[in-house]
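Subject: A structure for you to look at

Hi,

Here is the structure I promised to pass on. Could you open it and keep it on screen while you read the rest of this email?

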Amino acid sequence: MTELPVAQTIANPQPGAVDYPGLDAWRDLPIVQQPTWQDNGVYQAAVSELSSLPPLVFAGEVDVLRERLAAAAEGKAFLLQGGDCAETFEGATADKISARVRTILQMAVVLTYGASLPVIKMGRMAGQFAKPRSSNDETRDGVTLPAYRGDMVNGYEFTPESRGHDANRMVQAYHTSASTLNLIRAFTQGGFADLRLVHHWNKGFTANPAHSRYESLAREIDRAVKFMDACGADFDALKRVEFFASHEALILDYERALARIDSRTGLPYGTSGHFLWIGERTRQLDGAHVDFLSRVRNPIGVKLGPSSTAEDALRLIDKLDPQREPGRLTFITRMGAGNIREKLPQLVEKVTASGAKVLWVTDPMHGNTVTSPNGYKTRNFDDVIDEVRGFFEVHHSLGTFPGGLHVEMTGDDVAECLGGADPIDQHAFLDRYESVCDPRLNHMQSLEMAFLVAGSLGK
Ligand code: PEP
Ligand code: MN
């Protein structure tokens, strides 16, 4: 790996942050993808405010999630993790949040049936406001400005004011996450998640002639729901579901300021989200991100791209899960459809042979990004599905468990990924491409993926 710069640290330790040995060790390590905050006074005030605000998630919930993920690592549950590539402040509306939660719940019902397993429902939501970028700058019409790094850091608008790195945006990210989580909690506890209602929505999907090939699976689910009803299943209990929040823990100023000490155990937790992951660009073994996340109790994910070696995976396990604690570590592989069958087996084989028990999840999005002839960043639905199939094939052939699906999706009728049974073509991008970052599966494409995956889960 190339030489990495050391963090441009403004304050050490951050003003107001909880004190715990090691939580600031990352500040002396190489770090990438961090903002250069414009104003030191604003930065100091922002982190001190974040440090005094209530936690967004609670240690007890985080512990429940770790248990759920431990079950998934043993093949007794399946993880569904989905949401925007990059959430925006403007997009945090009731309509968009409810559509996304609803789509995840719809997918989860189909997957639960297909796998005959509980599905752990998790949003890339309520904190997914920061983006790693491959270039620091963006040039348009001869003008070069800092790249957009997510609403937590700067604005998407292409002006010098908007593209400056403003630490106040971290506070806004916190508040937007809080209101998003509030709505998610209300939806998932208040009757919106009723199994019969969600199943009813799915019938709307298969009623579309383009999706008629999924009708038989929908009918089977219908019969199962009726059977449960006839047996006197407690549908009231099925009105509530657990729903967890996750994001890439990219901006360490934000993550550090939201670390809290659990009063029950005296241990540090990241309270910005239940599940935090390390991206493909920040997983350096001796880097700041791996160090900081090794010190909080949350379940941690690491993205593994096609250049990952088994040695990398083993050393990440040593750093992030030295106790080999079930549910602690998830590897989210994003190899690309053309690579997964060749590259994944050696990783899985060596990790399994080492005795470590990690949860394996597929991200079929990030290895399959292409540019459409008319210039949009897109993905082909068929490539996405092919990577998922490859993931299942590899795990089935090795006797290991394909434990989950990580997708960029939305509940809205956008046009960002190509294909699907009710196909999106590139001309639709002109009117319905809304993502400020990577392309997402739209509502229908997401459900179609769930039906396709459910069909192969039972096999
Ligand atoms: C992402 O999940 O949006 C992302 C940037 O992924 P990766 O780190 O795998 O490239
Ligand atoms: Mn993305």
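This is a predicted model: local features need pLDDT of at least 70, side-chain atom pairs count only at pLDDT 80 or more; totals for chains, interfaces and linings use all residues.

**Around the ligand**

Which residues sit around ligand 1? The list is Cys-85, Pro-132, Glu-248, Gly-279, Glu-280, Arg-281, Lys-303, Arg-334, His-366 and Asp-438. Sorted by class, that shell has six charged residues, along with two polar and two nonpolar ones.

Now have a look at the UniProt record. Its unreviewed entry lists Cys-85, His-366, Glu-408 and Asp-438 under "binding site". These four positions span 354 residues in sequence, but no two of their C-alpha atoms are more than 9.9 Å apart, so they gather at one spot. If you want to find Cys-85, go to the loop between strand 1 (78-83) and helix 3 (94-115).

**Helix 3 and helix 5**

While you're at helix 3, follow it to its partner. A quick tip for this part: two packed helices are described by the angle between their axes and the distance between the axes. Helix 3 packs with helix 5 (residues 168-189) at an angle of about 50°, and their axes are 10 Å apart. That angle makes helix 3 oblique to helix 5, and the crossing is right-handed. On the helix 3 side, the contact uses Ala-94, Ile-97, Ser-98 and Val-101, while helix 5 brings in Thr-180, Leu-183, Ile-184, Phe-187 and Thr-188. How many charged residues does this contact have? None: there are six nonpolar and three polar residues.

**Helix 12 and its two partners**

Helix 12 (residues 381-398) turns up in two pairs.

With helix 11 (residues 340-353), the axes come within 9 Å and cross at roughly 40°. The two helices are therefore oblique to each other, and their crossing is right-handed. Helix 11 makes the contact through Ile-340, Arg-341, Leu-344, Pro-345, Val-348 and Glu-349, and helix 12 through Glu-387, Gly-390, Phe-391, Glu-393, Val-394, His-395 and Leu-398. By class, this contact has seven nonpolar, two polar and four charged residues.

With helix 14 (residues 443-457), the angle is about 25° and the axes are 11 Å apart. Is helix 12 roughly parallel or oblique to helix 14? An angle under 35 degrees counts as roughly parallel, so helix 12 is roughly parallel to helix 14. This crossing is right-handed. Phe-381, Ile-385, Val-388, Arg-389 and Phe-392 of helix 12 meet Gln-445, Met-449, Leu-452, Val-453 and Ser-456 of helix 14. Seven of these residues are nonpolar, two are polar and one is charged.

Cheers

Definitions and conventions: Residues are numbered from 1 along each chain as its sequence is written. Chains are lettered from A and ligands numbered from 1 in the order in which they are written. Axes are lines fitted to C-alpha atoms, for helices over the stretch in contact, and angles run from 0 to 180 degrees between N-to-C directions. Helices (H or I, at least four residues) and strands (E, at least two) are DSSP runs, numbered from the N terminus. Angles under 35 degrees count as roughly parallel, over 145 as roughly antiparallel, 65 to 115 as roughly perpendicular and the rest as oblique. A crossing is left-handed if the near helix is turned anticlockwise from the far one by less than a right angle, and right-handed if clockwise. Two residues are in contact if their C-beta atoms, placed from the backbone, lie within 7 Å. Ala, Val, Leu, Ile, Met, Phe, Trp, Tyr, Cys and Pro count as nonpolar, Asp, Glu, Lys and Arg as charged, and the others, Gly among them, as polar. A residue is near a molecule or strand if its C-beta atom, placed from the backbone, lies within 6 Å of it. UniProt positions are given in the numbering used here, feature names are shortened, and annotations may be inferred rather than shown by experiment.
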